[in-house]
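Subject: The structure, and what turned up in it

Hello,

Here is the structure I promised to pass on to you. Have a look at it first, and then read on for my notes.

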Amino acid sequence: MPSLSMIAINLTDRCNLACDHCYLDARTLSDGAPNELSTAEVCTLLEEIASRGTETMVVLTGGEPLLRRDLEELIAHGSGLKLFMVLGSNGTLLSEQRIRSLKAAGLMGVGISLDSIDPDWHDRFRGKPGAWYQTVTAMEQCRVQGLSFQVHFSVHAGNAHELEAMVDAAHQQGARVFNLFFLVCTGRGERVTDITPEQYERVLHQALELQEHYPDMLIRPRCAPHYKRVAHQRHPHAEINRISGNEGDGCIAGSGYCRITPQGGVTPCPYIADEVGNIRQHSFLELWDNAPTFDTLRNPRLEGKCGQCEYQQLCGGCRARPQASGDGLMGEDPLCAYHPQGGATIAPVIDAPLGWNPDAEQRISRVPGFIRAMVRKRAEAYAREQGDSHVSCRHLDELTARRFGSKPPFKPDLND
């Protein structure tokens, strides 16, 4: 049966912002939210996910999920089922009290959207004066209260030049991960000017360079499977080609990931809007296991230059972009600047696993299931760099030490 590594649940269409690029075309508070999944329906969905195993990360998002009054109840239910519950938010409603409440319910982390180091630019892009200040205050409060957070940066032509400054700011603030999102032309995102293929390529190269400078923070392009091709071109045996793959930075739409709409529709990803069914009429697992669209994505027969490319196993292109442009799920990705060279298909780097000392094995067993494989590969790659044949607690301690010690950057005065 196909494994489900991550699922995003859009809890609501409602939002307190009006972002230019919203894929959901989320409505304002005054529009209400008809026919959203009830508390009981979401809890039943979580139980069904957990029945298959507890190695799935559940992302509760929106709209703005903090507008759901039952959010803590949903988090507590999922956490009680041993699911790894996280939140995707614009951060403006993440008060000190709310962070405490979410942590008490069992929330493991939050992804917070920030699109510029310039407050005025961010506020215009997000459609609300003061949004930048509220968002950065939320990051500071997460850091102070020990709630792990990621920064989500939506890159396009208007802010691509800020990438280095944004990564530095996120690192100083204490973010564990910097997620770099590339726009797909759906929802209100159709009205936002996207970057060119050449700019896209430059940003991916820059992201790799920045990762070298910030080894203690994961810099991860999303909806950018070309990142694997760029990394392989730069250095085929680099660590990033050993510690990641489709589970980390390739396209996992319909293969390891799917999305639930506020009304219960199931889609391969947020940017592929065509529903394969609805959990109000069918079992979620029945749809996940058997939907023809998911089968197509799990066994792709790529067309155009994607189907001719020697990097199709490492990359495979974004499947939402050709769908949005009218070429279908298997069409070539229009944002890729690479031209196939006619060589043999390049297979992913797969190393024989290293041995693990018993105490290190015991520690890795306590890592949440959905990220355990990634952490294991990272630890083994690090041990190989040290010339060691076994992974020990020393390796895990040194890797963990890389994740701490950051000082906050552009933080607001919390006493204002």
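Throughout this email, two residues are in contact if they have heavy atoms within 4.5 Å of each other. Among contacts in the protein between residues at least 6 apart in sequence, 72% join residues at least 24 apart.

Please bear in mind that this is a predicted model, in which local features need pLDDT of at least 70 and side-chain atom pairs count only at pLDDT 80 or more, while totals for chains, interfaces and linings use all residues. Residues are numbered from 1 along each chain as its sequence is written, and side-chain values use heavy atoms, with hydrogens and water left out.

**Overall make-up**

The protein has 16 helices and twelve strands; these are DSSP runs numbered from the N terminus, with helices being H or I over at least four residues and strands being E over at least two. Of its 416 residues, 54% are buried. Here buried means under 20% relative accessible area, exposed means over 50%, and partly exposed lies in between, with a 1.4 Å probe and protein chains only.

**The sheet**

Ten strands make an open sheet of mixed pairing, in the order β7-β6-β5-β4-β3-β2-β1-β8-β9-β10. Its edge strands are β7 (218-222) and β10 (277-278), each of which pairs on one side only. Two strands count as paired if DSSP finds at least two bridges between them.

Let me start with β1 (residues 6-10), where five of the five residues are buried. Both faces of β1 are covered, with Met6, Ala8 and Asn10 on one side and Ile7 and Ile9 on the other. β1 runs parallel to β2, with five bridges between them, and Met6 has Met57 of β2 as its bridge partner. β1 is also parallel to β8 (residues 257-260), through four bridges; there, Ala8 stands opposite Arg259.

Further along is β5 (residues 149-155), with six of its seven residues buried. Four bridges link β5 to β4 in the parallel sense, and Ile112 is the bridge partner of Val151 in β5. β5 and β6 are parallel too, joined by six bridges, with Gln150 opposite Val177 of β6. Finally, β6 (residues 177-182) pairs with β7 over five bridges, again parallel, and Phe178 stands opposite Ile219 in β7.

**Two helices**

Helix α2 packs on the sheet, where it touches β2 and β3, and its direction makes about 150° with that of β3. (Axes are lines fitted to C-alpha atoms, for helices over the stretch in contact, and angles run from 0 to 180 degrees between N-to-C directions.) In α2 (residues 71-80), the buried residues are Leu71, Glu72, Leu74, Ile75 and Gly78. Seen down the axis of α2, they fall within an arc of 160°, so they line one face of the helix; the arc is that of the directions from the helix axis to the C-beta atoms. Their cover includes α1 (39-52), β2 (57-61), β3 (84-89) and α3 (96-105). Lys82, which follows α2, has a positive phi near 75°.

In helix α4 (residues 119-126), Trp121, His122, Asp123, Phe125 and Arg126 are buried, and β4 (109-113) and α5 (131-145) are among what covers them. Just after α4, Gly127 has a positive phi of about 80°.

Thr135 sits in α5 and is buried, with a relative accessible area of 0%.

**The cores**

A nonpolar core here is a set of buried Ala, Val, Leu, Ile, Met, Phe, Trp, Tyr and Cys residues joined through side-chain atoms within 4.5 Å. The largest has 74 residues, of which Leu60, Val151, Phe178, Leu180, Phe182, Ile260 and Phe284 touch the most other members. Apart from it lies another core, of 21 residues, among them Val86, Tyr257, Tyr271 and Ala320.

Thr196 is in the loop between β6 and α7 (197-213) and is partly exposed, at 34% relative accessible area. Its C-alpha atom is 9.6 Å from that of Pro334, 138 residues apart along the chain.

Enjoy looking around!

Best wishes
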